[in-house]
Amino acid sequence: MTQRKPALALAASMAALKPVIIIDGDTVRIDCVTIRLLDIDTPETDRPRCENELTLGLEAKQRLRQLLDAGQVAYVVDGRYRTDRFHRTLAHVTVAGRDVGAVLLAEGLALVWSPGPKAKAARLAIWCQK
């Protein structure tokens, strides 16, 4: 008798077989599941508040594409949070076991995500240098 994998582990292993669509520097779509990288934030590309934010957001998006093209992609849904207010699945995305969000943070292409308007304003001040 074989044991069944937990649903979250199964979703993570299945993700590796699906094409990945990059939405922006911290959001991807894998097999119709929109995934927001957990614990990071990258500058906006859809509705940037300044030109520098757009430039930085496009750099983050390009780097994310490079990282995801480098190997087998998987995601693991964190037990603390399942979705955000936009109904995106919150997860750590990995390539060959390497957390791509952590790479974006280490390379200065993302900031640690914290909730609230003050935290959002602080991130925007960095990206738009206000």
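The structure is a predicted model. Its average pLDDT is 87, and 85% of the residues score at least 70. For residues 1–16, however, the pLDDT is below 50, and this stretch has 13 contacts in the model beyond near neighbours in sequence.

**Nonpolar core**

- The largest nonpolar core holds 22 residues, of which V28, L64, L68, V93, V100 and L104 touch the most other members.
- At least two residues of this core come from each of β1 (20–24), β2 (27–30), β3 (33–37), α2 (51–68), β5 (73–77), β6 (89–95) and α3 (100–106).
- Helix α2 provides the largest share of the core, with four residues.
- Leaving aside residues up to four places away in sequence, V28 touches V20, I21, I22, I23, V33, T34, I35, L64, L68 and V93.

**Helix α4**

- Helix α4 comprises 12 residues, 117–128.
- The buried residues of α4 are A119, R123, L124, W127 and C128. These residues lie on the same side of α4, because they cover an arc of only 155 degrees around the axis.
- The elements that cover the buried residues of α4 include β4 (40–41), α2 and β8 (111–112).

**Salt bridges**

- Seven salt bridges are found in a search of the whole structure.
- R49 pairs with E53 in a salt bridge whose closest N and O atoms are 2.7 Å apart. R49 counts as partly exposed because its relative accessibility is 35%, whereas E53 is buried, with a relative accessible area of 0%.
- R63 and E107 form another salt bridge, with the closest N and O atoms 2.7 Å apart. This pair links distant parts of the chain: R63 lies in helix α2 and E107 in the loop between α3 and β8, 44 residues apart. E107 is partly exposed, with a relative accessible area of 38%.
- In the salt bridge between D84 and R88, the closest N and O atoms are 2.6 Å apart. D84 is buried, its relative accessible area being 16%, and R88 also counts as buried, at 18% relative accessibility.
- A network of salt bridges links D26, R36, D41 and R123. R123 is also one of the buried residues of α4.

Key: Residues are numbered from 1 along each chain as its sequence is written. This is a predicted model: local features need pLDDT of at least 70, side-chain atom pairs count only at pLDDT 80 or more; totals for chains, interfaces and linings use all residues. Side-chain values use heavy atoms; hydrogens and water are left out. pLDDT is the predictor's confidence in each residue, from 0 to 100. Contact means heavy atoms within 4.5 Å. A nonpolar core is a set of buried Ala, Val, Leu, Ile, Met, Phe, Trp, Tyr and Cys residues joined through side-chain atoms within 4.5 Å. Buried means under 20% relative accessible area, exposed over 50%, partly exposed in between (1.4 Å probe, protein chains only). The expected span of a helix is 1.5 Å times one less than its number of residues. The arc is that of the directions from the helix axis to the C-beta atoms. A salt bridge is a side-chain nitrogen of Lys or Arg within 4 Å of a carboxyl oxygen of Asp or Glu.
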